[in-house]
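Hello,

Please have a look at it first, then read on.

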Amino acid sequence: MTRNSAVSRSEREKMLAGELYRASDPELAQMELRAQTLMSRYNATLRAEVELRAALLRDLFGAIGEGANIRPPFYCDYGVHIHAGRNLFMNFDCVLLDCAEITIGDDVQIGPAVQIYTATHPLDPAVRRSGLEAAKPVHIGDNVWIGGAAVILPGVTIGDNAVIGAGSVVTRDVPADTVVVGNPARAVKARE
């Protein structure tokens, strides 16, 4: 391929591909502004405004199943990279940094102040100083329970029926039917 025939990829395409990208890109800034507007509206709703909340989440998320209950305040980067299944329960003060895809299965329960990160930064200080960053997707299976104040780091996959103990920092994949706790999170038992 010659230099003239090479197709330039957008910063968003690089971001979603896990490549280094610039978060200050105008397209990404516009997407973030859209998400901030929808989050502000969502976070100002009352509990009784069930239909309005559902409509705002449908506008904000890439996909969301029926029966979702996300207690405000809730925060994300873009929203459109979050795909959640049915019956999601997310308690107060959760943060989802969706610079890459975040997929959440059906019947997932997420405690208060849980943080799910896809954003990561280069270890090389010169590259980091240049303003480049990267992202890795996070996948959460069906029927997972994530305890309050847990942190899920970029690139992690959590299998079906897993339990993440409150305050845990999940740095690597969690197999299905496993209970993990601690910092870093370690398996304490297979679920029976």
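At what angle do helix α2 and helix α3 pack, and how far apart are their axes? This is a predicted model, in which local features need pLDDT of at least 70, side-chain atom pairs count only at pLDDT 80 or more, and totals for chains, interfaces and linings use all residues. Residues are numbered from 1 along each chain as its sequence is written, and side-chain values use heavy atoms, leaving out hydrogens and water.

Now the helices: α2 (residues 26-43) packs against α3 (residues 50-60) at about 165°, with the axes 10 Å apart. The axes are lines fitted to C-alpha atoms over the stretch in contact, and angles run from 0 to 180 degrees between N-to-C directions. That makes the two helices roughly antiparallel (over 145 degrees). Where they meet, Leu-38 and Tyr-42 are among the residues from α2, and Leu-52 and Leu-56 among those from α3. The residues of this contact (heavy atoms within 4.5 Å) divide into 8 nonpolar, no polar and 4 charged; Ala, Val, Leu, Ile, Met, Phe, Trp, Tyr, Cys and Pro count as nonpolar, Asp, Glu, Lys and Arg as charged, and the others, Gly among them, as polar.

Further along, Ala-190 lies in strand β20 (residues 186-190); helices (H or I, at least four residues) and strands (E, at least two) are DSSP runs, numbered from the N terminus. Ala-190 counts as exposed because its relative accessibility is 52% (the cut-off is over 50%, with a 1.4 Å probe and protein chains only). Beyond its neighbours within four places in sequence, Ala-190 is in contact with Asp-177 and Thr-178.

Best wishes

Definitions and conventions. Buried means under 20% relative accessible area, exposed over 50%, partly exposed in between (1.4 Å probe, protein chains only). Angles under 35 degrees count as roughly parallel, over 145 as roughly antiparallel, 65 to 115 as roughly perpendicular and the rest as oblique.
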